[in-house]
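Please keep the sequence and the structure side by side while going through the numbered points.

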Amino acid sequence: MAGGGHNGLTAAAYLAKAGLDVEVLEGKEELGGGVVTHEATLPGFRHDLHAIAHIFIHGNPMISDDELGLLSRHGLRYVHPDPSMSVVFPDGDFIAFHRDVHKTAETIAAISRPDAENYLRFHEFASPLLDMLLPAFFAPPAPMGALLSQLDSTETGQEMIRVLMMSYLDVCREWFEHPKVIAALTRWVSELLIAPEEGGTGAFLLMMVPFIHRYGMGYVETGSGALTDALVASITEHGGRIRTGAVVRRFLFDGDRVSGVELTTGEELRAERAVVANLNIKQLPEMTGDRFGADWRRKVERIKPVGFGLLAGHLALSEAPVFTAGEHAGAAGFQEITAPLPDLLRAFDKLKYGEPIHSIPSIAVPSVWDPTRAPDGKHTLYLLSYAPTELAEGDWDSRKEEIFDRVFDTFCAQTTNMSADKVLARVVHSPLDSARFNAAWPGGDPGHFGCQLFQFLGYRPLPNMGYRLPAKGFYLVGPSTHPGQGVTGGARAGARVVLEDLGYDFAKVVGTP
Ligand SMILES: Cc1cc2nc3c(=O)[nH]c(=O)nc-3n(C[C@H](O)[C@H](O)[C@H](O)COP(=O)(O)OP(=O)(O)OC[C@H]3O[C@@H](n4cnc5c(N)ncnc54)[C@H](O)[C@@H]3O)c2cc1C
């Protein structure tokens, strides 16, 4: 396994559980990739450096059926704050996404009664579609043609195809009427890091609404890094081996088969049965010596990146923020600040032209619902803003603190008690810092590239490639492949393909935790 992010570890854990002799090679000294927790500011303040909210992983049988014993044997525990998330307007209006859909609708009714009804109708429409989509999310993707043709055979399926092709903004506009409700839902789905008008993104609203009411959002007790620790425990429990500081320089081949890897130290490691990469497909032309040809490289290079990146601030606070929007907002796992619809859409235009924005940050104070993350009475703040991957003026290293100051001002304006003197320490990471942190995130994109329909489901990363790279025994898992970005444990499906190619019965492998 080249790369020890949570997806590489997930796949390795399934392969080890099947009895294969597995070795994980992680380039950094630390495992987990984007799923790590550090005392980044001060001792005792535990910050999730990147991923904090674990969403779709809760629909993954790895967690829902505890297939690897992560929950029952390896100490993984999730906290589910309620509401999972609130979207808050500058004037204090908000929508709180509770586990209970009716409670959520009540908060929508305070803005628009008709849209509260529309939300319940949308939830009713989307829930059966989630039933259909969810198993497919954690299984190898069906060929796109077969999927579309199957959907096309029923009226509901045709509606689904329409939505898959639309932009999420258009789906919001089709179902809801009040500009604030449209803005709130649009703001939420923009977490995809794709601008609202972009086509081929409509399916996400359809999935996210029923999902949040069925599973909520999970946050790992003590921090995201505990998921990495649990996966490592599962691998070693089954005899798997893990090496850190082992940077894979290139892949080795023997005829039409992958045969191993070469590390940057020159050391060669042979793999008898399979080599799996938890890397970005864009790293591979170089790492395979362009073995798959100029046409393959061209197809990889043209994969469309996301629209923007993230400016992430980790802060140690001397006290808990008191939010003007009140308890519902303050107790939420995450708060997403939004702007009225025209301003919201203009913010995404700015990003497109390399201009920083500060008006729509995401805010989490994890120590409120998980006291292990800060010393008694103190708090950790995770403050994120969308940010252009490259600035039109200046560069990230010289401008990130100044740009983040304005994001911090927006945060303070949402509270009655926050100001710079409540900050004990802070660390700010720009998209450029993300690119430096992880060799699989060139351009600072932790999702590798956008998830528009033309590079999603069976077309991710390339049409109907699935997890198999074009050499025998060679596989790719992680955000470059289905189901894409985020903490999903999606590499379970990649592991299934590897095992089935090797003649294993996956159902038997996952049979007992
Ligand atoms: C600021 C920020 C906030 C985020 N917040 C969230 C969130 O709240 N929720 C969410 O779901 N997602 C979030 N994400 C995204 C999430 O972190 C990623 O989608 C996730 O980490 C991808 O997991 P992965 O295991 O596939 O890959 P990665 O985490 O990218 O791991 C890949 C691993 O491969 C290693 N590697 C790379 N090249 C080599 C090489 N040549 N040799 C050996 N090893 C190599 C890397 O060091 C890394 O450890 C966030 C990302 C960022 C940057």
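1. Among the 36 residues around the ligand, N7, E26, G34, A53 and V487 come nearest; a residue is counted as near a molecule or strand if one of its heavy atoms lies within 4 Å of it. This is a predicted model, in which local features need pLDDT of at least 70 and side-chain atom pairs count only at pLDDT 80 or more, while totals for chains, interfaces and linings use all residues. Residues are numbered from 1 along each chain as its sequence is written, and side-chain values use heavy atoms, with hydrogens and water left out.

2. A backbone N or O atom of V248 lies 2.9 Å from a nitrogen atom of the ligand, a polar side-chain atom of N278 lies 3.1 Å from an oxygen atom of the ligand, and a polar backbone atom of P446 is 3.5 Å from an oxygen atom of the ligand. A polar contact here is a pair of N or O atoms within 3.5 Å; within protein, one must be able to donate a hydrogen and the other to accept it, and residues adjacent in sequence count only if both atoms are side-chain atoms.

3. The domain assignment, whose bounds come from an automatic or database source, gives domain 1 (6-33 + 50-77 + 221-304 + 445-510), domain 2 (98-213) and domain 3 (306-437). The C-alpha centres of domain 1 and domain 2 lie 29 Å apart, and their contact (heavy atoms within 4.5 Å) takes 26 residues from domain 1 and 24 residues from domain 2.

4. How much area do domain 1 and domain 2 bury between them? The value is about 2200 Å², 76% of it on carbon and sulfur atoms, where buried area is the accessible area (1.4 Å probe) that two parts lose on being put together, summed over both. In domain 1, F56, L453 and H482 lose the most area to domain 2, together 29% of what that side buries.

5. Between domain 1 and domain 2 the count is 1 salt bridge, a term that asks for a side-chain nitrogen of Lys or Arg within 4 Å of a carboxyl oxygen of Asp or Glu. The side chains of E198 and K304 also meet in a salt bridge, at 2.7 Å from N to O. Across the interface of domain 1 and domain 2 there are 9 residue pairs in polar contact, both residues being at pLDDT 80 or more.

6. By the salt-bridge rule the count comes to 35, and one of the pairs is D48 with R373, whose closest N and O atoms are 2.8 Å apart. This pair links distant parts of the chain, 325 residues apart, with D48 in strand 3 (residues 47-48) and R373 in the loop between helix 15 (366-369) and strand 16 (379-387). Helices (H or I, at least four residues) and strands (E, at least two) are DSSP runs, numbered from the N terminus.

7. A cis peptide bond joins H482 and P483, with omega about 5°, and P483 lies in the loop between strand 18 (474-476) and helix 18.
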